[in-house]
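Please look over the sequence and the structure shown here before reading on.

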Amino acid sequence: MMENSLWKEVREEIDKVQIVDTHEHLGKELPIFRPSKKIKLNLMRFIAYSYLYGDLVSSGMKPIALNRLAWEDIKPYLESVRTTVYYKYLIKALQDFYGLEGDQITDSNWEIISKRITEKNENHVEWELQVLDLMNIHRMILEISEKCVLKTDIVDDERLVQIINFEELIMGGLTTAKKLIHSSAENFDEYLNALDIAFDMAVENGAIGVKSSLAYLRIISYDKVEKSEAQKIFNNGIRRATPTELKKFQDFMMHVVCEKCTEFKLPYEFHTGLHAGNFNTLKNSDPLLLENLFRDYRKVNFVLFHGGYPYLQEVGVLAKYFPNVYLDACWLSDISISSYKRALSEWLEIVPSNKIFAWGGDQMLIEHSYASLLLAKDLIADVLVDKINSGYFNQNLAISVMKKILGQNAINLYRL
Ligand SMILES: [Zn+2]
C-alpha cells in the first residue's frame, strides 16, 4: 500500500461509491439474512466457514467436519498459515469487529473473541444489515439457490438479489426433476420440462442471472451433443450411464441452459480456475475450455469468475476477443493480492472497461465480506495510483473507471 496524498484521495473516492458486491454465499450454509432462523456462531465456526479452513488442511491439519472444528485442532497450524491472504483478512475482521489485538489467535484470547462473536450474532439479521450499511452496498448478488429453486425466506431488502444455479438438472438429477414436475420424469421431454419450470420460477422470483459451479464436479468442456443421443442415454437410465455417457448427457443439458439464458436474457456466470478447499483438479476449470459456448451463444453474456486464477491472462484474452465475455475478480483479492493487482492492471490495459467487475466477496459470513471489501478497496487504489503515476490514466479517468468496475458495470449487465 502506497499511502501518499494521491493514494488517500483516490481511496476516499472509492469509499464514496455504492458497491455492487457481485458474488456472495451468505445464507447458503448458515441462515444469514433469515429472520426466522437462529445463527449459532463462535470463533471455530467463524474459521470453519472461511477459506482459511482450506489453508489449515493444506498446512497439515486433518480435514474435520466444519461443525466439529475445535481450538486444539487448529492451534498447531495457525503459525504456518499466518502468511496467506485467507488469514490476513480473517484477522482484519476479528480486529475490527471483535477486538482482537495483534494478528494472532492464542490460548489466552480465543475464548473471549469467540464469546464476542456469539453475542454479536444473537440478533444476527439486525447485525448483518448493519454491516451491509457499513459496506455501503448498493446490491449484493447472492448464490444460495437450492435444488434449482431460489431461496425466498430471506429478509426483504432491495439490496439483496439472487442468481440461480441449475447444476443439479444439468447433472441428471432425477429427484430434483421430480420435485419440480411433481412426478417422476417418464421421458426426456418431461425431464426437460423440469428445467423450463425451474427457469420460469426463478425468473418470477427475481433471479438476475444463472451460475455454474460445475468446475467443482467435472471438466468444464461442453461438446455439442444431439438431442437424440441425450434422449437415448436418458431412456437407458441416467443412473446406469457410463462416465462417457454421463458427460454427453450433461454437455447436452449445458447447451439447453445456454439456450434458456438467451431466451430469458440472463447473464451466465461460470466458476473458473482455483477451487475453494482442497484436493480438486485445476485443469478441469481452465476457462479456455468454454470458448465454444462463447461462440455458439453470442447473445448470452458470460461472466468468468475469480479472474480464472491462475489463468489470469487467458481470461483477459477471452474478454478481449469476445464481446459477450466479462471478467469478475470476485474472490481474487482474497486469494493473492499480488495477482489481483497484476490482473486488474493488465485487464485495464487490454479489456474494455465496461466488462470488468472488480470485487465480489464470495464469502459465507458478512464479517468476512466486510474485511474482503476493505482489502480490495486498498488494492484498487494501489492499481489506480500506479496508473496515474505512470501517466497511463489521468486522475479523472482513473476515478470514472473505478466507479464502473465497483458498481455501474454490474448495474448495467444485471439490470440492477
Ligand atoms: Zn462462489
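## Basis of the description

Helices (H or I, at least four residues) and strands (E, at least two) are DSSP runs, numbered from the N terminus. This is a predicted model, in which local features need pLDDT of at least 70 and side-chain atom pairs count only at pLDDT 80 or more, while totals for chains, interfaces and linings use all residues. Residues are numbered from 1 along each chain as its sequence is written, and side-chain values use heavy atoms, with hydrogens and water left out.

## A loop proline and a strand histidine

Pro76 sits in the loop that runs between helix 4 (71-74) and helix 5 (78-81). Burial is judged by relative accessible area: buried means under 20%, exposed over 50%, and partly exposed in between (1.4 Å probe, protein chains only). Pro76 has 53% relative accessibility and therefore counts as exposed. Between Pro76 and Asp334 there are 258 residues of separation in sequence and 23 Å in space, C-alpha to C-alpha.

His138 belongs to strand 2 (residues 137-142). With a relative accessible area of 18%, His138 is buried. Contact means heavy atoms within 4.5 Å. Leaving aside residues up to four places away in sequence, His138 touches Gln18, Ile19, Val20, Arg159 and Ile411.

Helix 3 (residues 52-59) is largely enclosed by the rest of the structure, because 6 of its 8 residues are buried. The buried residues are Leu52, Tyr53, Gly54, Asp55, Leu56 and Val57. Their cover includes helix 2 (43-48), helix 4, helix 5 and helix 6. Just after helix 3 comes Gly60, with a positive phi of about 130°.

## Helix 6 against helix 18

Axes are lines fitted to C-alpha atoms, for helices over the stretch in contact, and angles run from 0 to 180 degrees between N-to-C directions. The axes of helix 6 (residues 85-98) and helix 18 (residues 366-389) come within 8 Å of each other and cross at roughly 110°. Angles under 35 degrees count as roughly parallel, over 145 as roughly antiparallel, 65 to 115 as roughly perpendicular and the rest as oblique. Helix 6 and helix 18 are therefore roughly perpendicular.

On the side of helix 6, the residues making the contact include Val85, Tyr89 and Leu90, and on the side of helix 18 they include Glu367, His368 and Tyr370. By class, the contact of helix 6 with helix 18 has 10 nonpolar, 2 polar and 3 charged residues. In this division Ala, Val, Leu, Ile, Met, Phe, Trp, Tyr, Cys and Pro count as nonpolar, Asp, Glu, Lys and Arg as charged, and the others, Gly among them, as polar.

## Helix 11 against helix 13

The axes of helix 11 (residues 188-204) and helix 13 (residues 243-264) come within 11 Å and cross at roughly 40°. That angle makes helix 11 oblique to helix 13. Among the residues that meet are Phe188, Tyr191 and Leu192 in helix 11 and Phe249, Phe252 and Met253 in helix 13. This contact of helix 11 with helix 13 divides into 13 nonpolar, no polar and 3 charged residues.

## Cysteines

How many disulfides does the structure hold? The number is 0, where a disulfide is a pair of cysteine sulfur atoms within 2.5 Å. For Cys148, the closest cysteine sulfur is in Cys261, 13 Å away and too far for a bond. Cys148 is buried, at a relative accessible area of 2%.

Cys330 is in no disulfide either, and the nearest cysteine sulfur, that of Cys261, is 17 Å away. Cys330 counts as buried, at 0% relative accessibility.
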